[in-house]
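User: I would like to go through the helix packing in this model, with the cut-offs stated as we proceed.

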Amino acid sequence: MSLALTTLRRRAKALHRNLRGAAMAARAVASTDHPLLAHIIPIRRCNLACTYCNEFDDFSMPVPTEEMFRRIDKLGALGTAVVTISGGEPLLHPELDEVIRRIRANGMIAGLITNGYLLVAERIKRLNRAGLEWLQISIDNVNPDEVSKKSLKVLDRKLQLLAEHADFHVNINSVVGSGISNPQDALTIGKRALELGFTSTIGIIHDGSGQVQPLNDEERRIYDEMKSWEKSSFTRINAFQDNIAEGLPNDWRCRAGARYLYICEDGLVHYCSQQRGYPGVALATYTREDMRREYLTEKTCAPHCTVSCVHQVSIFDSWRAPQHPAPAIQPVTSGELVQIK
């Protein structure tokens with residue numbers, strides 16, 4: 001298939017996805033009783049070991065496909081708009097294509113976050129056939145180092161394959177902050193993404209405990225320059241990062257547990273990847289009453305939160321429903337990460 005035809009197909013699918021997204025946005029404003037975005041983990045194992053990451057291991061087995069189907073069907077029943085598959089490295093799940101098909105069969109938009117290492121032309125075409133609608137790869141540096149092997153040098157051929165074969169939207173996220181030795185790499189990565197016809201975003205990276213430090217002068221210069229490219233970005237609701245860059249808190253209402261759900265490999269609902277353990281309720285038994293409670297629950301970790309997807313979905317409700325301190329409940333943990341403050 002020619003590159004021109006692939007680009008045309010991608011644009012046509014983008015138009016369809018954007019129309020669906022507009023309808024979902026209207027529904028989000030009209031009703032607060034359903035999740036806008038869910039992250040679901042089909043496997044915790046990863047083929048890399050980036051030192052800042054606290055979301056992987058090197059031994060976990062894939063979640064059984066039938067169990068993934070049950071979880072996706074439950075998200076559909078709750079009225080979820082978008083489901084993003086994450087990990088670990090989700091491409092390690094042997095039935096990932098069927099998981100994507102199940103998301104689409106439930107009428108939800110299907111996304112995927114991957115490190116990109118396992119992408120080859122045939123795998124990309126399978127993702128097309130499964131109905132994937134968008135994919136994100138985070139690239140941390142130009143050359144691999146002791147912090148991260150997610151480098152442009154290693155992944156550039158994978159990006160070329162995506163440009164040649166992917167019918168779905170592709171976003172490349174680059175980073176500045178903790179542990180990134182050459183912040184200028186973010187500019188190189190972002191420019192390469194735009195060159196290939198993708199969108200480009202920039203994030204502020206956290207360390208292994210999920211914390212961030214204010215950006216230094218050079219990091220801030222690069223961050224500001226890449227922010228000026230936002231017209232090319234598929235996710236523009238990121239003004240909260242300006243305060244994070246300065247080490248300042250954000251005043252906002254986090255709707256995690258309601259508008260945003262993070263479902264771990266054990267099938268428990270958590271606030272996000274950095275607060276696993278709250279509320280710690282099984283998705284199978286999660287109800288609209290649970291969502292209504294969490295919608296109104298103030299999260300004490302919110303002022304310094306760096307989880308962009310939660311900020312982005314919470315913006316729909318920033319003007320309504322003041323929150324209250326969390327009730328005194330004992331969280332059910334999954335793994336060891338419980339660090340709400």
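User: At what angle do the axes of helix α2 and helix α3 cross?

Analyst: This is a predicted model, in which local features need pLDDT of at least 70, side-chain atom pairs count only at pLDDT 80 or more, and totals for chains, interfaces and linings use all residues. Residues are numbered from 1 along each chain as its sequence is written, and side-chain values use heavy atoms, with hydrogens and water left out. Helices are DSSP runs of H or I with at least four residues, strands are E runs of at least two, and both are numbered from the N terminus; axes are lines fitted to C-alpha atoms, for helices over the stretch in contact, with angles from 0 to 180 degrees between N-to-C directions. The axes of α2 (residues 65-77) and α3 (residues 96-105) come within 9 Å, and they cross at roughly 20°.

User: Which residues of α3 are buried, and how wide an arc do they cover?

Analyst: Taking buried as under 20% relative accessible area (1.4 Å probe, protein chains only), the buried residues in α3 are L96, D97, V99, I100 and I103. The arc is that of the directions from the helix axis to the C-beta atoms. These residues lie on the same side of α3, because the arc they cover around the axis is only 160°.

User: Which elements do the buried residues of α3 pack against?

Analyst: With contact meaning heavy atoms within 4.5 Å, the buried residues of α3 pack against α2, β2 (82-85), β3 (109-114) and α4 (121-130).

Definitions and conventions
Buried < 20%, exposed > 50% of the residue type's maximum accessible area, 1.4 Å probe, protein only.
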